[in-house]
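Morning, everyone. Let me put the structure up, and then I'll walk through the surface, the helices and the charged pairs.

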Amino acid sequence: MQRTDNVWPMYVSLKKVETQMGRWNSVRWEVDQFVPGNQAAPEGAHLILLELYRDQRGSYRLNLDMDNTMLYIVCDELEDGTWIPAAISADQNVGAGCLEADTPVLNIPMPTAVACWIEAFITKHGEVEISAHRRKHVNRRKNQGPSANLEGRMQ
């Protein structure tokens, strides 16, 4: 399967790592292999699509502007505790949302080729202005706004 402007198939395999901390055993999952879909499938790997969406361009830009760009691999957890890769995203909000819903997520450093592909996607579809929305009717530094003078209202 070949990549397109907004979809890049990837083979992803995970490995289970068992460690012992003192007398307690611990299990964690890690990405074992992450290979483009046009190459041979590694043993035990799942074909997952890294799909880009126009409405997530702002999040992709934030990710690309970070010192450590990441990809987020969302996993399904089977009843026996095994993790299976289910989706890949370059949007950190997707990863955070899955973690809040107790869905397992692994993050890996974004390969340079994927970063260039995402940059080309953003360039093709246009940059999105990223701004922090502030409550303009409240200026906490000057103690002004609707809730600043509660004592005067109660009289």
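The accessible surface of the chain comes to about 10,800 Å². Carbon and sulfur atoms hold 48% of that surface. The areas are Shrake-Rupley values with a 1.4 Å probe, and for residues only the protein chains shown count as cover.

Ground rules next. This is a predicted model, so local features need pLDDT of at least 70 and side-chain atom pairs count only at pLDDT 80 or more, while totals for chains, interfaces and linings use all residues. Residues are numbered from 1 along each chain as its sequence is written, and side-chain values use heavy atoms, with hydrogens and water left out.

Now the layout. The chain has four helices and six strands. Both are DSSP runs numbered from the N terminus: helices are H or I with at least four residues, strands are E with at least two. From the N terminus on, the order reads β-β-β-α-β-β-α-β-α-α.

How much of the chain is buried? Of the 155 residues, 34%. Buried means under 20% relative accessible area, exposed means over 50%, and partly exposed is in between, with a 1.4 Å probe and protein chains only.

Contacts now, meaning heavy atoms within 4.5 Å. Take those between residues at least 6 apart in sequence: 64% of them join residues at least 24 apart.

On to helix H3, residues 112-125. H3 has 14 residues and reaches 20 Å from its first C-alpha to its last. That is close to the expected 20 Å at 1.5 Å a residue. The expected span is 1.5 Å times one less than the number of residues.

Which residues of H3 are buried? Val114, Ala115, Trp117, Ile118, Phe121 and Ile122. They cover an arc of only 160 degrees around the axis, which puts them on the same side of H3. The arc is taken over the directions from the helix axis to the C-beta atoms.

The buried residues of H3 pack against strand E1 (7-21), strand E3 (46-51), helix H1 (57-65) and strand E4 (70-77). After H3 comes Gly126, with a positive phi near 95 degrees.

Next, H1. Seven of its nine residues are buried, so H1 is largely enclosed by the rest of the structure. The buried ones are Arg57, Gly58, Ser59, Tyr60, Arg61, Asn63 and Leu64. They pack against E3, E4, helix H2 (92-100) and H3.

Arg61 brings us to charge. How many salt bridges does a search of the whole structure find? Six. The criterion is a side-chain nitrogen of Lys or Arg within 4 Å of a carboxyl oxygen of Asp or Glu.

One of them joins the side chains of Glu127 and Arg61, at 2.7 Å from N to O. This pair links distant parts of the chain, 66 residues apart: Glu127 sits in the loop between H3 and helix H4 (150-153), Arg61 in helix H1. Arg61 counts as buried, at 11% relative accessibility. There is also a network: salt bridges link Arg61, Asp65, Glu119 and Glu127.

Another salt bridge pairs Arg28 with Glu30, with the closest N and O atoms 2.7 Å apart. Arg28 is partly exposed at 40%. Glu30 is partly exposed too, at 25%.

Then Glu18 and Lys16, whose side chains meet at 3.9 Å, N to O. Glu18 is exposed at 59%, and Lys16 is partly exposed at 47%.

Setting aside neighbours within four places in sequence, Val27 contacts Lys16, Val17 and Glu18. Val27 counts as partly exposed, at 46% relative accessibility.

Last stop, a nonpolar surface patch. Which residues form the patch? Met1, Leu47 and Leu49, with about 290 Å² of accessible area together. Patch members have over 30% relative accessible area and no salt bridge; like charges are joined within 9 Å, and nonpolar side chains (Val, Leu, Ile, Met, Phe, Trp, Tyr) within 5 Å. Leu49 lies in strand E3. At 38% relative accessibility, Leu49 counts as partly exposed.
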